[in-house]
Amino acid sequence: MVPELGHLALLLALVLTLVQAVVPLTGSFTGDRAWMALARPLAWGQLTLLGVAFLALLQAFLTDDFSVIYVATNSNSLMPTIYKVSAIWGAHEGSLLLWTLMLAAWGAAVAAFSPNLPLGMIARVISVQAMVAIGFLLFMILTSNPFDRIFPAPAEGRDLNPLLQDPGLAIHPPMLYMGYVGFSVAFAFAIAALIGGKLDSAWARWSRPWTTGAWVFLTIGIALGSWWAYYELGWGGWWFWDPVENASFMPWLAGTALMHSLAVTEKRAAFKSWTVLLAISAFSLSLLGTFLVRSGVLTSVHAFATDPARGAFILLFLCIVIGGSLALYAWRAPGISSGGRFDPVSRESFLLANNLLLATLTLLVLFGTLAPLVYDAAGWGKISVGFPWFNKMFIALSPLLVLAMGIGPVAHWKHDESRRLIRSLWLAGALGLLAFLFASLPGLSARELSVGVGLGMTAWLIATHLISLAGRLKHRRGLSGLLADLRGGNRSYYGMWLAHLGVAVFIVGVVMVSNHGTETDIRLSPGGSHESAGYRFEFNGVQAIPGPNYNAFRGEFLVYRDEREITRLYPEKRHYFSGGMPMTEAAIDAGLLRDIYISLGEPIGEQGDWALRIYYKPYVRWIWLGCILMALGGILAMTDRRYRVVKVTAQAPSAAAAAPL
Amino acid sequence: MKARQRRLVFVGLAILGIGTASALALSALKSNISYFFSPSQVMAKEAPRDHVFRLGGLVTEGSVARQTDGLEVSFDVTDNAETVKVIYSGILPDLFSEGTGIVAKGRLGSDGVFYAEEVLAKHDTEYVPPEVASTLKTAHAEGAAEPLATQVSEASD
């Protein structure tokens with residue numbers, strides 16, 4: 001009965017969203033306060049119904065109800081409880097339910113945490129969100145109902161893909177979806193503002209914390225995915241430029257541009273049209289990501305079972321969303337005032353450079369991801385774009401981005417003197433150059449040069465931000481000022497500071513692991529040893545070890561450095577009972593400065609020999625550490641008290657937003 | 001007026017920058033794409049001799065042979081019409097096994113053997129790379145598009 005209850009809740013949610021999409025929006029035009037006031041309760045109602053549906057599916061998983069097809073295909077009675085829970089989003093139908101639930105949760109959050117927002121604005125934002133929800137609910141009910149039954153019910157489920165039975169991946173999709181779906185709030189705010197025809201700094205201020213929130217989730221989600229791929233796939237890579245990874249990276253790039261552009265719109269009332277376009281793009285790219293992942297149109301290492309018919313639906317939905325919002329934009333854009341003027345040397349200019357570069361990178365990733373589709377459709381053959389191309393593009397453009405990132409925070413709004421900037425930043429430039437020379441001179445081979453460029457960029461970023469911080473503290477009575485700022489008033493500056501520091505840390509990780517990491521494929525006999533990257537690996541053979549729902553071969557390795565044993569590593573090769581799918585469980589000795597990573601390949605010959613892969617990964621942790629710092633920075637910026645207090649200036653737009661057209 | 005001129009310069013620079021970037025991107029793309037060929041196409045001499053490309057198909061049953069020492073492995077890839085021998089040195093992915101669909105990236109040697117630098121098999125046992133699926137000759141391609149219900153009942157058997 002419970003699955004039927006879940007199905008019913010989905011149908012009711014659809015009905016409710018139809019009401020939600022129409023009534024508050026109509027009210028905002030006719031000025032009917034009662035109709036507009038319905039927005040908040042409707043948002044809560046939608047969350048409740050989808051919550052019921054989600055709990056119904058959860059119950060089916062926890063009770064091993066294999067009469068539900070989705071449970072039968074993705075769960076198994078032997079599976080640990082935590083993976084029965086995460087199996088809900090292990091495949092298409094359930095992820096879609098999670099997507100929709102999160103959309104409702106973001107909507108309810110807007111309803112709950114925006115007491116200062118004018119009623120007309122709330123009504124429009126929540127109606128626009130409901131329009132998005134209609135698309136997803138229809139999609140789920142028509143093509144991918146998670147509550148479909150099978151008769152007779154199988155006695156045992158098919159098990160979740162073993163790769164997904166992992167704590168990292170249990171929370172990776174929810175984080176990613178929170179990010180994807182979170183951009184729907186920025187999108188809804190932009191569309192609501194366009195509908196009202198009033199784009200001003202108040203709109204930007206309302207939408208900033210939500211955008212940053214979505215960006216934080218997306219950052220964490222992508223970092224978790226990268227970390228998972230690193231330790232779970234057994235290939236030691238942290239990023240593959242795979243279409244599915246690109247699908248999450250494009251909204252991230254657009255979202256990063258959006259955050260910076262919103263800052264200009266809020267502070268200087270400039271870049272308005274551009275900000276709106278970015279808000280539309282960030283969400284459209286999230287939808288595109290969903291389409292790419294779910295339709296199976298692209299060859300991907302992440303491609304789990306997919307279905308083209310669903311792809312067609314999402315593509316149609318994508319066209320409606322993008323087409324509709326661009327049409328609205330084209331209609332309203334001429335009325336948008338150009339806003340605050342600024343000189344070529346000003347913070348606006350550097351943020352503009354940042355935006356153009358991020359937009360270019362987004363387009364490049366989009367191009368590289370879709371090129372195989374275009375080639376195939378045009379009959380030019382089946383191609384794949386290799387990761388060296390993506391790397392080249394990012395290596396070419398990121399130094400420019402980092403240059404602007406260093407100057408931007410120090411530059412004044414509206415107008416600044418190049419001479420003043422040079423005077424305050426020459427030291428940082430010199431430090432960057434010094435780091436570059438120091439890191440690249442010894443060899444001057446191409447490899448050392450790229451390390452030099454990377455470390456030079458890091459030194460430049462850290463130095464410029466220290467200079468910016470010092471300048472700020474001088475005006476704010478030093479440390480006590482900093483504490484006062486952190487206590488609430490001005491957290492967004494420190495958020496920016498921390499996030500930019502995260503970029504510096506990230507660059508160190510990427511540059512070091514790409515240039516100084518080593519990878520060795522080798523065959524070892526029990527008792528044999530191998531030396532690489534200054535470490536000696538002693539192989540003690542492989543043993544059979546039983547697991548809860550798999551059998552494993554476990555190898556034992558003693559790792560020595562200078563004849564001193566530093567660790568023992570136990571990589572495994574697992575065979576899961578169901579499906580008989582083998583899986584490599586790498587063994588990693590993690591450290592702040594380096595990881596040692598061993599994965600078992602396959603047994604060779606009769607003597608107990610194994611094919612092995614040994615990696616030495618310097619500074620690889622810094623990649624994720626950088627992402628964590630970026631996310632923390634985002635959280636700090638989001639909680640700035642400025643976003644929670646009403647400004648007197650906010651009253652003008654509220655009147656306008658509630659007025660009929 | 002002055003501000004407008006400046007803005008024009010800005011926009012001009014932006015367009016110039018994006019133009020240069022896309023020109024560079026396109027030229028770099030040429031050397032970084034790899035085409036996909038099926039064994040039939042390779043045998044028909046359609047695949048390039050001097051450029052990296054991807055070869056996809058099913059691993060022929062009983063064809064996988066490891067060297068007695070070292071890491072070299074050889075196997076045959078087929079699209080159920082033609083077969084190409086592949087040599088690879090290194091660790092094969094977990095899901096590599098006889099009868100499954102794989103994609104190998106590498107060069108064709110003058111001896112007609114494909115020397116792979118990289119071998120990809122997919123995460124999901126049910127999954128066949130779309131390119132491979134579309135080049136397979138009938139019989140096996142149907143297996144890839146098996147309806148869900150039969151999979152479930154098979155699994156529960």
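In strand S11 of chain A, A:Leu612 is the bridge partner of A:Ile522. Strands here are DSSP runs of E with at least two residues, helices are runs of H or I with at least four residues, and both are numbered from the N terminus. The model is a predicted one, in which local features need pLDDT of at least 70 and side-chain atom pairs count only at pLDDT 80 or more, while totals for chains, interfaces and linings use all residues. Residues are numbered from 1 along each chain as its sequence is written, with chains lettered from A and ligands numbered from 1 in the order in which they are written.

S2(A) and S11(A), the latter covering residues 609-618, run antiparallel to each other over 7 bridges; two strands count as paired if DSSP finds at least two bridges between them. They belong to an open sheet of 4 strands in chain A, ordered S2-S11-S10-S9, with antiparallel pairing. At the edges sit S2 (518-524) and S9 (587-589) of chain A, each pairing on one side only. From one strand to the next, the twist averages 20° (axes are lines fitted to C-alpha atoms, for helices over the stretch in contact, and angles run from 0 to 180 degrees between N-to-C directions).

Chain A is split into domain 1 (1-166) and domain 2 (518-618), with bounds from an automatic or database domain assignment. Taken over C-alpha atoms, the centres of these two domains of chain A are 43 Å apart.

Leaving out residues up to four places away in sequence, A:Ala53 touches A:Gly6, A:Ala9, A:Leu10, A:Ala13 and A:Leu97.

As for chain B, it has 5 helices and 7 strands. Of its 157 residues, 31% are buried (20 or more other C-beta atoms within 10 Å of a residue's own, with C-beta atoms placed from the backbone).

Notes: Buried ≥ 20, exposed ≤ 12 C-beta atoms within 10 Å, placed from the backbone. Contact = placed C-beta atoms within 7 Å.
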